[in-house]
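Trainee: Could you walk me through this structure? I would like to go slowly and ask things as they come up.

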There are 2 protein chains.
Amino acid sequence: MSDQITIALDAMGGDSAPQIVVAGANIARRRHPDVKFILYGDADEVSALVARQRGLDEFVEVRHADERVQPDDKPSQIVRSGKETSMWKAIEAVRDGDADGVVSAGNTGALLAMAMLILKRLEGIDRPAIASFFPTLRGETVMLDLGANIQCDARNLVEFSIMGEVFARTILGVQDPTIGLLNVGEEETKGNDALRDAANLLQDLDLPGEFVGFVEGDDIPAGAVDVVVTDGFTGNVALKTAEGTAKLLNAFIKETFRNSFWAKIGYIFAKRSFDKLRSRSDPRRYNGAMFLGLNGVCVKSHGGTDAVGFATAIGVAIDMIKYDGNALLKSNIERLDPDILRPQVASAAAS
Amino acid sequence: MSDQITIALDAMGGDSAPQIVVAGANIARRRHPDVKFILYGDADEVSALVARQRGLDEFVEVRHADERVQPDDKPSQIVRSGKETSMWKAIEAVRDGDADGVVSAGNTGALLAMAMLILKRLEGIDRPAIASFFPTLRGETVMLDLGANIQCDARNLVEFSIMGEVFARTILGVQDPTIGLLNVGEEETKGNDALRDAANLLQDLDLPGEFVGFVEGDDIPAGAVDVVVTDGFTGNVALKTAEGTAKLLNAFIKETFRNSFWAKIGYIFAKRSFDKLRSRSDPRRYNGAMFLGLNGVCVKSHGGTDAVGFATAIGVAIDMIKYDGNALLKSNIERLDPDILRPQVASAAAS
């Protein structure tokens, strides 16, 4: 690959699109001067926004798309009629080699369905998964799947573990990441068959990263492992519960600083430190969920983010491309004999 | 029932038993002067502790038990050999009518297994569940199941919803509690068959409380509903993730107040308000998980709690007894024709 990286952006996806997409691209091109963008969307509207960001026009090409995916469109509708949308065209740019990766802040279900259809799964991957990372007591932790697969068997969980290991290595820069399977207890007898079988496989197979066994819900924010592996139902609930709890506590803290004269005075003194804390746990710093296991880099930005957050999501795509995450993933998956894995799972389940 | 309430206590269960159990009973008898206790455990040790709490001896009877359940005993071992333990004898006191309820801070799996065996399920209940309550943005919310049932069908979820509604009414004093089913999205098509079938049943059946549909992880700390219904795997992960996230943020706040001279000054002014916040979200105020769906009141205290927390768990048992939660639960379950529910689930699953 040449040093030049090109990212396709769905300019029309997200609550404040196309404004935040264009402004986000402008922030990202300052952070990553070796990157160019192809913006898909309403050409007149997008070009006018690009013209307003001084110097951005050198780094972008605008390509017209007539349609956009709506937030409440169902994946089935979109796959039938969505070929004229900015999202579809942006993903196609990756398949056709015009871009190295794609970022969208649009409808998650639509993006996942289209990306599966256009980019296809990486060879050896049964089920692509959504991975993201967030702050913990010890640094940062990757979790997957966050909602692409509601029910998972042992093989899926083993694949997620391989994919999550690569993601932690590539995005967080962790050497030999530790991996834990999310369960309701650390004892080997806990959980369901899929979890116990996956734990046996991960212990027996010689895979990259260090499998430490089962972890529990409180181990996620504690940062007990670098990669938390779980099915998409549990992962989605756990991530949203953690986000909601953080919001709840922030609301409590705000109220606490307001609830007396002396507390207000205290806030004046402590404000700078609290601003730092806010910046440290700023969700915009953790924006960008990766669809792992596809023939191409596809990153989903939060729909409600601003330009700074969107630039972070672009950064996730750039890191995956720059450090060739998908090539590493492919070679790690190839270390698994796919014909061996299936019967092992079956025999483990039968025993 | 006479006004006199008797609670059996497993004096030997918990990290700091029997000290915190005896001290907890002493706090509880001041809060609830109409309650008496039977303490099961090493009679010499427990009696000596009781003698040290002035005035407590009038309210307690000590009954000897030779053995105690160890924290790492497996449920299967205990059920075979545990009849001489303080936990077993305390539960038996409820079955035999000597006590109206039992509280233990011992091994959760053992307590659940013994309680199922000794007290048996309430008629009409297929699967008892663990319920607890915690602070949210709007007040307090009940969640169940927290780990008794790893996999659940639609009928189990409907039963949990009936049990959770009674628990919210009895413990939180909420009139007509709102109920939500935990899922990965609010749309009717989200989740698995069990969730969709349970949602249809809860919409169609005329049950107490107000079923509002699906809720997501962030709705739990937001307090979007009074009762969150989920399977024991997801509930356990969500509760522990929320607890861990709260711990993470408390650690961040502590660090923030320490990280500069000015922040330390600020803390001096704001300390009183932060003490109030700490007391408001004090886990000891939310101690006491109820095993719902049994012929008797059985409450599990956190094993690591102190006397204040143990007294809260005793309070949960007292409220369930005083407001006759199990009688309400029984009459609500009887409103369900058990023969109707099964086929409905089957046909919903087949459609």
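Trainee: Before we start, what should I know about the model and the numbering?

Mentor: This is a predicted model, in which local features need pLDDT of at least 70 and side-chain atom pairs count only at pLDDT 80 or more, while totals for chains, interfaces and linings use all residues. Residues are numbered from 1 along each chain as its sequence is written, and chains are lettered from A, with ligands numbered from 1, in the order in which they are written.

Trainee: OK, so how many strands form the sheet in chain B, and in what order?

Mentor: Eleven strands form an open sheet in chain B, in the order β3-β2-β1-β4-β11-β10-β5-β6-β9-β7-β8, and the pairing is mixed. Strands here are DSSP runs (E, at least two residues), helices are runs of H or I with at least four, and both are numbered from the N terminus; two strands pair if DSSP finds at least two bridges between them.

Trainee: Which strands stand at the edges?

Mentor: Those are β3 and β8 of chain B, and because each has a single partner strand, one side of each is left without a neighbour in the sheet. Neighbouring strands of this sheet are turned by 25° against each other on average, direction ignored.

Trainee: Can you show me one pairing up close, say what joins β6 to β9 in chain B?

Mentor: Three bridges join β6 (residues 139-144) to β9 (residues 227-229) of chain B, and the two strands run parallel. Within that pairing, B:M143 stands opposite B:V228 of β9(B).

Trainee: What does α1 of chain B touch on the sheet?

Mentor: Helix α1(B) packs on the sheet by touching β1, β2 and β3 of chain B, and its direction makes about 175° with that of β2(B). For such angles, axes are lines fitted to C-alpha atoms, for helices over the stretch in contact, and the angles run from 0 to 180 degrees between N-to-C directions. Two residues are in contact if their C-beta atoms, placed from the backbone, lie within 7 Å.

Trainee: And how far does that helix reach?

Mentor: The 13 residues of α1(B), 19-31, reach 19 Å from the first C-alpha to the last, close to the 18 Å expected at 1.5 Å a residue, where the expected span is 1.5 Å times one less than the number of residues.

Trainee: Which of its residues are buried, and what covers them?

Mentor: Among the buried residues of α1(B) are B:I20, B:V21, B:V22 and B:A23, and what covers the buried residues includes β1, β2, α2, β3 and α11 of chain B. A residue is buried if 20 or more other C-beta atoms lie within 10 Å of its own, exposed if 12 or fewer, and partly exposed in between, with C-beta atoms placed from the backbone.

Trainee: Switching topic, how many residues does each chain give to the contact?

Mentor: The contact takes 50 residues from chain B and 50 residues from chain A. On the side of chain B, the largest share, 21 residues, comes from α9(B).

Trainee: How are the two chains related?

Mentor: Chain B can be laid on chain A with an RMSD of 0.0 Å by a turn of 180° and a shift of 0.0 Å along the axis, which is the relation of a two-fold axis. The superposition is by least squares on the C-alpha atoms of residues with pLDDT of at least 70 in both copies. In chain B, the C-alpha nearest the axis is that of B:G266, 1.9 Å from it.

Trainee: Why do the copies meet through the same surface?

Mentor: They do so because 100% of the interface residues of chain B are also interface residues in chain A.

Trainee: Last topic, where are the cis peptide bonds?

Mentor: One joins A:L144 and A:D145, with omega about 0°, and A:D145 lies in the loop between β6 and α6 of chain A. Another joins B:A17 and B:P18, also with omega about 0°, and B:P18 is in the loop between β1 and α1 of chain B.

Trainee: What about phi at A:D176, and is that residue buried or exposed?

Mentor: Phi of A:D176 is near 45°, a positive value in a residue other than glycine, and A:D176 sits in the loop between α6 and β7 of chain A. With 12 C-beta neighbours inside 10 Å, A:D176 counts as exposed.
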